[in-house]
Amino acid sequence: MQRPMHNAQAPATRVIYVQQNAPYAQPAYLVPQTVFIQQPQQPVQVSQPLETRPEAQPLVVTDSLWQQIQECSNIGGSTELKAKYDEVQSVHAQSQKLLQDDIVKLLNSESFLDSRIRTRLSSKWTMTQSSVLQQEYREQIQLSFDRLRSAAEVNQKTEHSVRVSESKFVVFEMERAAIEQNEQGTFRDSQELEQICATFEGLYSRLLERLEFYKDLSAEYILPLKQQVPAYCVSRETERDAMLKELGHSFQSLGIDPTVEPRSVVCNTQPAPPQQQRIVMMRPAAVAPPLVLYLQP
């Protein structure tokens with residue numbers, strides 16, 4: 001059985017508008033919300049907006065900030081940033097290949113052939129050992145590879161920074177186009193634009209420094225080695241052929257094929273990926289029951 005109402009008035013409802021915080025990069029909006037209030041009159045539902053929609057605040061861009069934005073755009077934006085990083089990677093690979101194929105390979109071949117002749121003729125072969133004459137070249141090559149290996153680690157960190165900021169740069173370019181058309185874009189604070197400009201300029205400057213590093217490395221070590229090592233190998237070949245003729249030997253009489261290349265070892269300058277640690281759960285060893293001794297009276 002339902003209990004009768006004793007002159008109870010039903011609560012009235014009024015729809016009011018409450019401004020809520022919108023997600024990032026979206027304007028504020030009004031959301032209707034229903035609240036209940038006690039009124040002695042007959043319940044009536046009305047919709048009455050108590051607040052008006054706030055107008056979007058204009059984005060203030062100073063002349064200096066706009067000039068900074070334009071400079072980033074004139075550089076080429078995110079497309080040019082990625083192109084510069086690809087250029088850095090390409091120059092790194094070319095430097096490594098040049099050292100390995102055009103310099104190290106020649107030295108290895110000359111040293112390998114000298115060692116084989118020395119093994120056949122023993123003390124009769126009086127040419128200076130290749131390891132002695134090549135020492136200075138080898139030290140410069142090792143130094144070059146060490147610097148390339150360090151450069152690869154720096155490039156890896158730079159690549160991470162470029163990828164992290166890539167989406168911001170795309171939005172930044174859209175914002176620049178909107179400002180140019182006097183339209184409201186995504187950003188609401190000019191400080192965000194200043195920070196993105198600073199990040200872009202910093203990364204672009206860093207990439208230019210990486211290219212300058214490879215230019216200096218090439219001029220100081222790689223190009224001189226590329227000129228000196230072939231000349232050294234030609235000089236050794238001439239001396240070797242003359243001594244073989246003097247001793248009355250040839251590659252054929254010694255059973256040596258001069259076209260056989262030594263086993264090459266490629267020096268990889270790319271940083272090794274971080275090793276993953278494996279966690280092995282060890283089952284606890286069974287605990288033996290306590291030993292109880294019974295003494296006879």
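Let me begin with the largest cavity, which is lined by Glu110, Asp114, Met127, Arg236 and Arg240. A cavity here is a set of points on a 1 Å grid over the protein atoms alone where a 1.4 Å probe fits but cannot get out, and lining residues have an atom within 4 Å of a point. Please keep in mind that this is a predicted model, in which local features need pLDDT of at least 70 and side-chain atom pairs count only at pLDDT 80 or more, while totals for chains, interfaces and linings use all residues. Residues are numbered from 1 along each chain as its sequence is written, and side-chain values use heavy atoms, with hydrogens and water left out.

The volume of the largest cavity is about 30 Å³, and the lining divides into one nonpolar residue, no polar ones and four charged ones, where Asp, Glu, Lys and Arg count as charged and Met is among the nonpolar types. H2 and H5 each supply at least two residues of that lining; helices are DSSP runs (H or I, at least four residues), numbered from the N terminus.

Now to the packing. The largest nonpolar core has 37 residues, and among those with the most contacts inside it are Leu81, Ile141 and Leu225. Such a core joins buried residues of types such as Leu, Ile and Val through side-chain atoms within 4.5 Å, buried being under 20% relative accessible area with a 1.4 Å probe, protein chains only. Which helix gives the largest share of this core? That is H5, with 17 residues.

Finally, a second, separate core of 10 residues includes Leu121, Leu244, Leu254 and Ile256.

Key:
Buried means under 20% relative accessible area, exposed over 50%, partly exposed in between (1.4 Å probe, protein chains only). On a 1 Å grid over the protein atoms alone, a cavity is a set of points where a 1.4 Å probe fits but cannot get out, and a pocket is an open set with protein on both sides within 12 Å along at least five of seven lines; lining residues have an atom within 4 Å of a point. Grid points are joined across faces, edges and corners, and a volume is the space filled by probe spheres set on the points.
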